[in-house]
Amino acid sequence: RTLDAKGEIFSEILITPRNAPLRFSDGSSSDEHHAIIGMGILREGFPLLFDGMNEVGLAVAALNFPTYSYYFPPRTPFRNIASYELITRILSSCGEVSDAEKTLSDAVVTDTPFSDELCPTPLHWIIADKNRAITVEQTKDGLNIFDNTPGVMTNSPVFPYHLLRVA
């Protein structure tokens, strides 16, 4: 798997054991969750995943989304999810696509950086289980969740554009 990004990214296989402590940017934590395997980088004990799958078969991949991606500052009453933690949040707590949709139904993807050296990357995501897939994009219009019936991975532009090309 490659990630279309500027510069070299030295990713590795990361395994997050079931129930290993996870701490999120909004101050919440999880000590009861699914095991995860994926590609990414480990920083300060947190798995910054580019893609992964959990032990029940849910998979998420981040895809390049320059120009269109827009992250908001944390805001209420939304569930604030930093862009760098979206994959880990979904895979740790969800068992299928419908669970991910519920988790994201009141969410906003925030511009919270992981650190001064790791600022937010313009991304969108595909989330898939054995039965269906969705594409998740946050633009200035807000968080959009699209049924991804063809099950395709895309980069920019927005997902509806790619559906026009599916015959």
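Start by selecting Ser-30: leaving aside neighbours within four places in sequence, Ser-30 is in contact (heavy atoms within 4.5 Å) with Ala-20, Pro-21, Leu-22, Arg-23 and Phe-24. You are looking at a predicted model, where local features need pLDDT of at least 70 and side-chain atom pairs count only at pLDDT 80 or more, while totals for chains, interfaces and linings use all residues. Residues are numbered from 1 along each chain as its sequence is written, and side-chain values use heavy atoms, with hydrogens and water left out.

**Stop 1: around Ser-30**

Ser-30 belongs to strand β3 (residues 29–30). Strands (E, at least two residues) and helices (H or I, at least four) are DSSP runs, numbered from the N terminus. Is Ser-30 buried or exposed? Ser-30 counts as buried because its relative accessibility is 14%; buried means under 20% relative accessible area, exposed over 50%, and partly exposed in between (1.4 Å probe, protein chains only). Now show Glu-32: the side chain of Ser-30 reaches the backbone oxygen of Glu-32 at 3.3 Å. That is a polar contact, a pair of N or O atoms within 3.5 Å; within protein, one must be able to donate a hydrogen and the other to accept it, and residues adjacent in sequence count only if both atoms are side-chain atoms.

**Stop 2: the rings**

How many aromatic pairs does the structure hold? There are seven. Rings of Phe, Tyr and Trp (its six-membered ring) pair if their centres lie within 6.5 Å; planes under 30 degrees apart count as stacked, over 60 as edge-to-face and the rest as tilted. Select Phe-46 and Phe-114, a tilted pair with 6.4 Å centre to centre and 35° between the planes. This pair links distant parts of the chain, 68 residues apart: Phe-46 lies in strand β5 (residues 46–54), and Phe-114 in the loop between β8 (107–110) and β9 (123–128). Phe-46 is buried, with a relative accessible area of 6%, and Phe-114 also counts as buried, at 17%.

**Stop 3: a charge over a ring**

Keep Phe-24 on screen and select Arg-89, whose charged end sits over the ring of Phe-24, 4.2 Å from its centre. A charge sits over a ring if NZ of Lys or CZ of Arg is within 6 Å of the ring centre and within 35 degrees of the ring normal.

**Stop 4: salt bridges**

Side chains of opposite charge can pair when their charged atoms come close. In a salt bridge, a side-chain nitrogen of Lys or Arg is within 4 Å of a carboxyl oxygen of Asp or Glu. The structure holds seven salt bridges. Glu-85 is buried at 0% relative accessible area, and Arg-89 counts as buried at 9%. Select Asp-26 too, and you can see a network of salt bridges linking Asp-26, Glu-85 and Arg-89.

Finish with Glu-101 and Arg-132, another salt bridge, with the closest N and O atoms 2.8 Å apart. Glu-101 is in helix α2 (residues 97–104), and Arg-132 is in the loop between β9 and β10 (133–139), 31 residues apart. Glu-101 is partly exposed, with a relative accessible area of 25%, and Arg-132 counts as partly exposed at 31%.
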